[in-house]
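Here is a walk through one protein chain. Keep the viewer open and follow the stops in order.

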Amino acid sequence: MAATMRDVAALAGVSVKTVSRVVNLEPHTRPEVVRRVRAAIAELEWVPNGSARTLRTGRTGVIGVGVPELRRPYLSMITEAVVSELNRRGLQATVEPTHDQPDRLAALLAARGRLYDGIVLIGPAADHPTDHPGDPDRPSDVLAGLRPTDPVVLVHHEPTVTVDSVDSDLVEAASLVARHLVVMGRSRPALVGQDRTRQGNHAMTAALAAAGIAPAVPRVDGVVGRADGARAARDLLARAPETDALLCGSDELALGALYALVEAGVAVPDDVAIIGFDNLDDASFSTPSLTTVDPGAARLARSAVELLADRLAGTGGETARRVISPVELVRRESTLGAGLR
């Protein structure tokens with residue numbers, strides 16, 4: 001039998017009216033009560049009636065989800081996670097590709113209060129290093145006018161915009177990768193596409209330096225998908241043959257590089273190890289399977305929607321909050337030689 005609002009109230013130890021206030025994102029509910037109700041909703045997998053809520057509150061019950069594009073697998077994966085989390089809370093989602101165009105982004109933000117109750121913006125991934133200082137009409141210029149109390153949450157954006165945001169722990173990710181290289185005995189890695197964010201190359205370079213590792217190639221920037229990864233691997237074989245590991249900023253780059261190395265007869269991981277970032281499904285099915293950093297798409301989505309729900313309920317405070325989500329290194333065959341299995 002499906003759970004009811006009364007079941008949620010009983011599990012959370014509150015009244016049915018309090019559950020209704022939390023679900024309808026009404027203000028002036030104590031944060032600890034909100035947390036208890038949300039935990040009960042999650043445990044019972046109860047889905048609120050969005051239509052009834054719209055009639056009561058006058059809100060649309062719709063959240064706009066902005067994403068640069070859906071062609072890239074990781075962007076699609078994190079978008080699906082955000083939409084699933086919104087649906088789990090009884091909210092509807094409209095996905096709007098912005099194609100990194102400031103006018104599209106501005107139109108999405110302008111629809112707050114009219115079409116959407118709030119906005120989740122999924123930021124540039126490994127293939128979107130477009131926001132360069134000096135570019136006219138940059139997307140970041142559109143975001144500059146946002147206020148900390150606006151119901152807007154950024155996922156994978158740089159921490160320079162004063163609204164709530166969520167991102168992966170890139171420092172921890174780099175540290176996990178560096179420690180794994182030490183265990184493997186690799187000392188001459190190449191950094192491929194670590195410019196997925198402005199912090200990426202810095203975090204990885206710092207972690208390698210702390211581990212006493214000097215990269216053979218400190219950075220290969222501006223690369224996007226699998227074809228770029230393959231070209232980068234072929235180039236590195238020619239100009240930096242001492243390279244013994246490729247540290248890729250995305251699984252797409254890593255899978256492309258893996259294809260090129262296998263095509264060239266290079267043994268992976270015996271000659272060159274490969275590490276990606278994103279934990280795409282494809283990483284499990286490549287030959288050899290791909291070691292990768294898992295950013296935890298479901299955790300990121302849950303944190304983003306919780307921040308947004310607080311803003312809509314008026315419990316988010318007056319300053320922007322930033323959640324750094326934990327990551328995990330998923331070790332697979334592309335780094336695990338016979339001695340490390």
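What share of the contacts in the chain with a separation of 6 or more comes from residues 24 or more positions apart? The answer is 76%. This is a predicted model, so every value below is computed from predicted coordinates.

Start with the whole chain. It has 341 residues, and 54% of them count as buried. Its secondary structure comprises 13 helices and 12 strands. The exposed surface comes to about 15100 Å². Carbon and sulfur atoms supply 53% of that surface.

Helix α1 spans residues 5-12. Helix α3 spans residues 31-44. The two pack at an angle of about 125 degrees, with their axes 9 Å apart. The crossing of α1 past α3 is right-handed. On the α1 side, the contact uses Asp7, Val8, Leu11 and Ala12. On the α3 side, it uses Arg36, Val37, Ala40, Ile41, Glu43 and Leu44. By class, the contact of α1 with α3 has seven nonpolar residues, no polar ones and three charged ones.

Helix α3 also meets α2, which covers residues 16-23. How do these two helices lie to each other: roughly parallel or roughly perpendicular? Their axes come within 10 Å and cross at roughly 90 degrees. An angle from 65 to 115 degrees counts as roughly perpendicular, so α2 and α3 fall in that class. Helix α2 contributes Thr18, Val19, Val22 and Val23 to the contact. Helix α3 contributes Val33, Val34, Val37, Arg38 and Ile41. The contact of α2 with α3 divides into seven nonpolar residues, one polar and one charged. Look at Val37 and Ile41 of α3. They take part in the contact with α2, and they also take part in the contact with α1.

Helix α5 holds residues 73-88, and helix α13 holds residues 297-313. Their axes lie 8 Å apart, and the packing angle is about 50 degrees. That value falls between 35 and 65 degrees, so α5 and α13 are oblique to each other. Helix α5 passes α13 in a right-handed crossing. From α5, the contact draws on Tyr74, Met77, Ile78, Ala81, Val82, Glu85 and Leu86. From α13, it draws on Ala297, Ala298, Leu300, Ala301, Arg302 and Val305. The tally for α5 with α13 is 11 nonpolar residues, no polar ones and two charged ones.

Two loop residues complete the tour. Take Val163 in the loop between β4 (152-155) and β5 (164-168). Is Val163 buried or exposed? Its relative accessibility is 1%, under the 20% cut-off, so Val163 counts as buried. Leaving out residues up to four places away in sequence, Val163 touches Leu146, Arg147, Pro148, Val152, Leu154, Ala320 and Arg321. Arg147 is 16 residues from Val163 in sequence, and their C-alpha atoms are 6.2 Å apart.

Arg114 sits in another loop, between α6 (102-110) and β3 (118-122). Its relative accessibility is 55%, over the 50% limit, so Arg114 counts as exposed. Thr60 lies 54 residues from Arg114 along the chain. The C-alpha atoms of Arg114 and Thr60 are separated by 8.1 Å.

Key. Residues numbered from 1 in each chain as written. Predicted model: local features only at pLDDT ≥ 70, side-chain atom pairs only at ≥ 80, totals over all residues. Heavy atoms only, no water. Axes fitted to C-alpha atoms, helices over the stretch in contact; angles between N-to-C directions. Helix = DSSP H or I, 4+ residues; strand = E, 2+ residues; numbered from the N terminus. Parallel < 35°, antiparallel > 145°, perpendicular 65-115°, else oblique. Left-handed = near helix turned anticlockwise from the far one by under 90°. Contact = heavy atoms within 4.5 Å. Nonpolar A, V, L, I, M, F, W, Y, C, P; charged D, E, K, R; others polar. Buried < 20%, exposed > 50% of the residue type's maximum accessible area, 1.4 Å probe, protein only. Areas by Shrake-Rupley, 256 points an atom, 1.4 Å probe, with all protein chains shown as cover.
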